[in-house]
Amino acid sequence: MPSSSQSTSATAAPAICLDKVELSLGAGAARVHILKGVSLNIGQGEAVGLVGPSGSGKSSLLMVLAGLEQANAGTVAVAGEMLTGLDEDALARFRGRNVGIVFQAFHLIPTMTAVENVAVPLELAGRADAFERAAAELAAVGLGHRLDHYPAQLSGGEQQRVAVARALAPEPRILVADEPTGNLDEDTGRQIMDLLFAAQARRGATLVIVTHDPTLASRCNRTVRLRSGEIVSEELLAQAGTPA
Ligand SMILES: Nc1ncnc2c1ncn2[C@@H]1O[C@H](COP(=O)(O)OP(=O)(O)O)[C@@H](O)[C@H]1O
Ligand SMILES: [Mg+2]
């Protein structure tokens, strides 16, 4: 099977198209050439696991396709928008419309309650029902009884549920997660991934996950392996959180 093919479960239109992407970060002598000619197509509704050794560029690639970093060369098209050349404001608007992001370390705002955290992207999107929607999203991840708790009053698994609810609330077409289970025990991590895969299946969202966990990677439709900033192999998997 050609490694560049779309997932069998995805529709024809690619959600993410990277072509010969180069990324360097840092200044002067500390500048690092991180991504070295990465080309990758991901289909709408596909679940892709990014794997590879520490330092191979997985997080950097995720940042580029989520619109958090600008490639230095090559082209990046996501959800039908060309990100190449967009300024910071335009990239932020793009993310708000299209991308939900979950990090390993949760990244909740500590001075806001759970429901306030989840409402943030909805308010930025101008939703009049931001708090009602946020409460419903928290109920959907099993936290309907924790709306007014602050992050410090929640367990790690609960904080990650809040982060998942925040990512899902604006109904983005693209979901990205960087080692979302890395700080959690196995059972709690699996519950978090169940939530992400369920959202992918229910909404036909595209899911890109960085992970070291082979069990988690095996739930994806495809894994893409990086080494030293290059894609070195891809593996199509039988099934996973396959969209209906
Ligand atoms: N802001 C940065 N400035 C300089 N180098 C960076 C920066 N971010 C990441 N790097 C370097 O880029 C390489 C890839 O990092 P990263 O994408 O985080 O890898 P991974 O997620 O696979 O562990 C590493 O060598 C890392 O040190
Ligand atoms: Mg990383």
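By class, the shell around ligand 1 holds 3 nonpolar, 8 polar and 1 charged residues. Here Ala, Val, Leu, Ile, Met, Phe, Trp, Tyr, Cys and Pro count as nonpolar, Asp, Glu, Lys and Arg as charged, and the others, Gly among them, as polar. The model is predicted: local features need pLDDT of at least 70, side-chain atom pairs count only at pLDDT 80 or more, and totals for chains, interfaces and linings use all residues. Residues are numbered from 1 along each chain as its sequence is written, while chains are lettered from A and ligands numbered from 1 in the order in which they are written.

The residues surrounding ligand 1 are L25, G26, V32, I34, G52, S54, G55, S56, G57, K58, S59 and S60. A residue is near a molecule if its C-beta atom, placed from the backbone, lies within 6 Å of it. Two elements, β2 (32–43) and α1 (58–65), each supply at least two residues of this shell. The largest share, 3 residues, comes from α1. Helices (H or I, at least four residues) and strands (E, at least two) are DSSP runs, numbered from the N terminus.

Overall, the protein has 7 helices and 10 strands. Its radius of gyration is 17 Å, close to the 18 Å that the globule rule gives for 244 residues, so the protein is as compact as a globular protein of that length. This radius is taken over C-alpha atoms, and the rule is 2.2 Å times the number of residues to the power 0.38. Along the principal axes, the C-alpha atoms fill a box of roughly 45 × 40 × 30 Å. Buried residues make up 47% of the 244 residues. A residue is buried if 20 or more other C-beta atoms lie within 10 Å of its own, exposed if 12 or fewer, and partly exposed in between, with C-beta atoms placed from the backbone. Of the contacts with a separation of 6 or more, 68% join residues 24 or more positions apart. Contact requires C-beta atoms, placed from the backbone, within 7 Å.

An open sheet of 4 strands runs in the order β2-β1-β4-β5, with antiparallel pairing. Its edge strands are β2 and β5 (81–82), each pairing on one side only. Strands pair if DSSP finds at least two bridges between them. Within this sheet, 5 bridges join β1 (residues 14–25) to β4 (residues 73–78). L18 has V76 in β4 as its bridge partner.

Strand β3 (residues 47–51) has 5 of its 5 residues buried, so it is largely enclosed by the rest of the structure. A47, G49 and V51 point one way, and V48 and L50 the other way. β3 pairs in the parallel sense with β8 (residues 206–210) over 4 bridges. A47 has L207 in β8 as its bridge partner. Another 4 bridges join β3 to β9 (residues 222–227), also parallel. There, V48 stands opposite R222.

Helix α5 (residues 156–168) has 13 residues, which should span 18 Å at 1.5 Å a residue; its end C-alpha atoms are 18 Å apart, in agreement. The expected span is 1.5 Å times one less than the number of residues. In α5, 10 of the 13 residues are buried, so the helix is largely enclosed by the rest of the structure. The cover over these buried residues includes β6 (99–103), α3 (114–124), α4 (130–140), β7 (174–178) and α6 (186–203).

T215 lies in helix α7 (residues 214–217). T215 is exposed, with 12 other C-beta atoms within 10 Å.

Key. Contact = placed C-beta atoms within 7 Å.
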